[in-house]
Amino acid sequence: MTAPVVVAMPGNDAMTQRLAQSLNADIGRIELRAFPDGETYLRFLTDVSGRALVMVCTLDHPNEKILPLLFAAATARELGAASVGLISPYLAYMRQDRRFKPGEAVTSREVARLLSNAFDWLVTVDPHLHRYGSLADIYRIPTRVVHAAPLISQWIRAHVPNPLIIGPDSESEQWVSAVARVAGAPYAVLEKVRRGDRDVEISIERLGHLDGRTPILVDDMISSGRTMLAAVRLLQEREATKPICTAVHGLFADRSDVLLAQAGARVVTSNSIPHETNDVDVGEILANAIGKDARLVPELNP
Ligand code: R5P
């Protein structure tokens with residue numbers, strides 16, 4: 001059987017090489033650029049006819065990425081690809097999971113519809129599942145989710161003696177409890193009130209004493225960074241000099257990576273989105289999810 005072809009959308013080369021190596025797949029190439037008016041030019045430089053194609057595209061800054069990604073998937077089909085799957089280490093638009101105010105777009109469903117129409121399957125890392133039970137609630141294609149919590153736990157075990165794992169809000173408890181269990185550390189969950197995109201208040205009343213432990217904040221993502229910044233400041237009032245902020249996905253809107261560093265926090269993220277804080281590698285768990293599931297890419301499991 002012919003080996004699958006793995007193709008990076010711009011900015012995904014490191015993860016694509018990692019995956020192609022683990023999966024024993026070929027790396028394919030596309031040419032992608034913008035015309036002077038901003039329209040997208042896309043061309044497959046590798047022949048994908050008759051081959052299982054795996055597109056790699058993490059979806060931070062999703063608006064500029066999704067249209068070229070849809071063009072790539074549709075073109076691959078036209079060129080005769082046997083199947084077209086998507087590895088999206090960070091899956092965007094999961095937080096607008098209901099109509100909070102009348103008339104709002106439930107964009108998680110709309111993006112799910114677009115990607116389900118374009119791809120045969122989807123693999124991702126820890127999507128933000130808050131009000132949805134699973135991706136199957138909105139995606140019509142086979143999806144596989146891998147979890148970074150055990151890898152974050154390993155990082156903590158290797159680097160932080162005497163940690164206290166802290167979740168900034170009740171939504172984070174699913175990650176925090178999983179990380180704490182594997183790290184063999186205690187955990188606590190704070191209370192958060194979000195009044196707007198950049199207006200977050202954290203209450204630390206329930207935390208108790210740190211007892212000399214190093215506080216490690218754990219969340220699924222850092223976006224504006226307001227959640228982590230508010231928690232870091234409160235921890236510092238409790239004499240935690242250098243709290244550690246860990247997140248699966250470091251989006252770092254509003255230069256929040258810089259603001260967190262200036263606030264005295266160390267930040268650790270996974271390489272679901274390339275960034276200098278990437279200390280946790282999700283490449284292997286992604287490759288395993290695809291390589292060991294014959295329903296996604298049968299060519300990998302002859
Ligand atoms: C909340 O639902 C998420 O788990 C994160 O806590 C949140 O998205 C972080 O956002 P920001 O960095 O903008 O405070």
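**Close-up views of a predicted model**

View 1. Not counting residues up to four places away in sequence, A73 touches V84, A118 and F119. The model shown here and in the other views is a predicted one. A73 has its place in helix α2, and its relative accessibility of 0% means that A73 counts as buried. From A73 to A261 the C-alpha to C-alpha distance is 39 Å in space, and the two are 188 residues apart in sequence.

**View 2. P68, a second residue of helix α2.** P68 also lies in helix α2, where its relative accessibility is 10%, so that P68 counts as buried under the 20% limit. When residues up to four places away in sequence are not counted, P68 touches M9, L32, T40 and L42. Between P68 and E299 there is a separation of 231 residues in sequence, and their C-alpha atoms are 26 Å apart in space.

**View 3. Helix α3 and its buried side.** Helix α3 comprises the 12 residues 107–118, which at 1.5 Å a residue should span 16 Å, and the 17 Å between its end C-alpha atoms agrees with this. The buried residues in α3 are S108, V111, A112, L115, S116 and A118. Because these residues cover an arc of only 160 degrees around the axis, they are placed on the same side of α3. Among the elements that cover the buried residues of α3 are α2 (62–78) and β6 (83–88).

**View 4. Packing of helix α4 against helix α5.** Helix α4, residues 149–159, packs with helix α5, residues 173–183, at an angle of about 45 degrees, and their axes are 8 Å apart. That angle makes α4 oblique to α5. The crossing in which α4 passes α5 is right-handed. On the α4 side the contact is made by A149, I152, S153, I156 and R157, and on the α5 side by A178, V179, V182 and A183.

**View 5. Buried residues of helix α8.** In helix α8, which covers residues 283–291, the buried residues are G283, L286, A287, A289, I290 and G291. These buried residues of α8 pack against helix α1 and against the strands β6, β7 (121–125) and β8 (143–146).

View 6. T16 has its place in helix α1, residues 13–23, and with a relative accessibility of 1% T16 counts as buried. Leaving aside neighbours within four places in sequence, T16 is in contact with V6, V7, A8, I27 and V56. N24 lies in the loop between α1 and β2 (26–28), and its relative accessible area of 65% means that N24 is exposed. The phi of N24 is near 60 degrees, which is a positive value in a residue other than glycine.

**View 7. F252 in the loop between β14 and α7.** F252 is found in the loop between β14 (244–250) and α7 (256–262). Although F252 is not a glycine, its phi is positive, at about 50 degrees.

Methods: Residues are numbered from 1 along each chain as its sequence is written. This is a predicted model: local features need pLDDT of at least 70, side-chain atom pairs count only at pLDDT 80 or more; totals for chains, interfaces and linings use all residues. Side-chain values use heavy atoms; hydrogens and water are left out. Helices (H or I, at least four residues) and strands (E, at least two) are DSSP runs, numbered from the N terminus. The expected span of a helix is 1.5 Å times one less than its number of residues. Buried means under 20% relative accessible area, exposed over 50%, partly exposed in between (1.4 Å probe, protein chains only). The arc is that of the directions from the helix axis to the C-beta atoms. Contact means heavy atoms within 4.5 Å. Axes are lines fitted to C-alpha atoms, for helices over the stretch in contact, and angles run from 0 to 180 degrees between N-to-C directions. Angles under 35 degrees count as roughly parallel, over 145 as roughly antiparallel, 65 to 115 as roughly perpendicular and the rest as oblique. A crossing is left-handed if the near helix is turned anticlockwise from the far one by less than a right angle, and right-handed if clockwise.
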